[in-house]
Amino acid sequence: EALAAARKAGAVTVEVEIPALAEHLGATSLYQTCSKHDINRFLASRPEAPARSLQQILDSGRYHPKLDLLESFRFGPELPEHDPGYPGRLVAREIFARAVLNVMGTHELDALIYPTVRVPAPTRAELDAGRWATMEFPTNTLIASQTWMPAITVPAGFTPGGLPVGLEIVTPPYDEVGMFRLGYAFEQATRARRAPASAPEL
């Protein structure tokens, strides 16, 4: 319905495919390489933080046990540059970004638009039962984050069960203006957002 409203407002949509998407995502992942350093740097810059490093967080045990990705970060290098595979992943990121931009250029696209995630939001019971590990959750947001392209998620409606659905809008590098313009236009054309009763407007 939201896409139909966007088309009625003048949007032109074209279905495209990014070649070798899974391979690109695997080759450009930097979570394990950069997260330990980035978390430590963030915490060190905030003297008021209750922990000053990732190791202190892990040692305290004061984090949700489902944060399996956080626990894996302890094995990352102190500096990303200490990982022998780091330069190759940066090169792979450039190749991935060019592949995405080639698709956009070939089809004369202002943006890529796709569901933010590929499944409805899981229930607490599903998570407690181990339905998804962090790195197994079928999100589409890796495309933008691993090409370093601007992206925004906007409300796009609801599942039959009433769960919210979002669309991610990705624009070429440095086109944040276009990203916000498209996001705003989509929201105005679709009016898909509905404030939850548990979190009324401020």
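**Figure 1. The largest pocket of the predicted model holds about 890 Å³ of space.** Its lining is made up of 30 residues. Closest to the pocket centre are Val-12, Thr-13, Ala-111, Leu-112 and Ile-113. Four elements each give at least two residues to this lining: the helices α1 (2-8) and α9 (176-190), and the strands β1 (112-115) and β3 (164-170). By class, the lining of the largest pocket has 22 nonpolar residues, three polar and five charged.

**Figure 2. The second largest pocket has a volume of about 260 Å³.** Here 15 residues form the lining. Thr-134, Met-135, Phe-137, Thr-139 and Leu-142 are the closest to the centre of the second largest pocket. Two helices, α2 (21-28) and α8 (142-147), each contribute at least two lining residues. The largest share comes from α2, with three residues. Eight residues of this lining are nonpolar, six are polar and one is charged.

**Figure 3. Strands β2 and β3 run antiparallel and form a hairpin.** Strand β2 covers residues 151-158. Seven bridges join β2 to β3. Val-154 has Leu-167 of β3 as its bridge partner. Ile-152 is bridged to Ile-169, also in β3. Five residues lie between the two strands of the hairpin. In this hairpin, Gly-162 takes a positive phi near 90 degrees.

**Figure 4. Strand β3 also pairs with β1.** The β1 and β3 strands are antiparallel and share four bridges. Leu-112 stands opposite Val-170 of β3. Leu-112 is also among the residues closest to the centre of the largest pocket. How much of β3 is covered? Five of the seven residues of β3 are buried, so the strand is mostly covered, where buried means under 20% relative accessible area.

**Figure 5. Pro-164 is an exposed residue of strand β3.** Its relative accessibility is 59%. Pro-164 counts as exposed because this value is over 50%. Beyond its neighbours within four places in sequence, Pro-164 is in contact with Gly-157 and Phe-158. Trp-132 lies 32 residues from Pro-164 in sequence. In space, Pro-164 and Trp-132 are 19 Å apart, C-alpha to C-alpha.

**Figure 6. His-37 is a buried residue of helix α3.** Helix α3 spans residues 31-44. Is His-37 buried or exposed? His-37 counts as buried because its relative accessibility, 18%, is under 20%. The side chains of His-37 and Asp-38 are joined by a polar contact of 3.1 Å. Not counting residues up to four places away in sequence, His-37 touches Pro-77, Glu-78, Leu-79 and Pro-80.

**Figure 7. Ala-20 has a positive phi in the loop between α1 and α2.** The phi value of Ala-20 is near 55 degrees, in a residue other than glycine. Ala-20 has a relative accessibility of 42%. Ala-20 therefore counts as partly exposed, between the 20% and 50% limits.

**Figure 8. Trp-148 has a positive phi in the loop between α8 and β2.** Its phi is near 60 degrees, and the residue is other than glycine. Trp-148 has 52% relative accessibility. Trp-148 counts as exposed because this value is over 50%.

Figure 9. From the N terminus on, the order of elements is α-α-α-α-α-α-β-α-α-β-β-α. The C-alpha trace spans about 55 × 45 × 35 Å along its principal axes. The protein has 202 residues, of which 33% count as buried. Among contacts with a separation of 6 or more, 64% are between residues 24 or more positions apart.

Terms used. Residues are numbered from 1 along each chain as its sequence is written. This is a predicted model: local features need pLDDT of at least 70, side-chain atom pairs count only at pLDDT 80 or more; totals for chains, interfaces and linings use all residues. Side-chain values use heavy atoms; hydrogens and water are left out. On a 1 Å grid over the protein atoms alone, a cavity is a set of points where a 1.4 Å probe fits but cannot get out, and a pocket is an open set with protein on both sides within 12 Å along at least five of seven lines; lining residues have an atom within 4 Å of a point. Grid points are joined across faces, edges and corners, and a volume is the space filled by probe spheres set on the points. Ala, Val, Leu, Ile, Met, Phe, Trp, Tyr, Cys and Pro count as nonpolar, Asp, Glu, Lys and Arg as charged, and the others, Gly among them, as polar. Two strands pair if DSSP finds at least two bridges between them. Buried means under 20% relative accessible area, exposed over 50%, partly exposed in between (1.4 Å probe, protein chains only). A polar contact is a pair of N or O atoms within 3.5 Å; within protein, one must be able to donate a hydrogen and the other to accept it, and residues adjacent in sequence count only if both atoms are side-chain atoms. Contact means heavy atoms within 4.5 Å.
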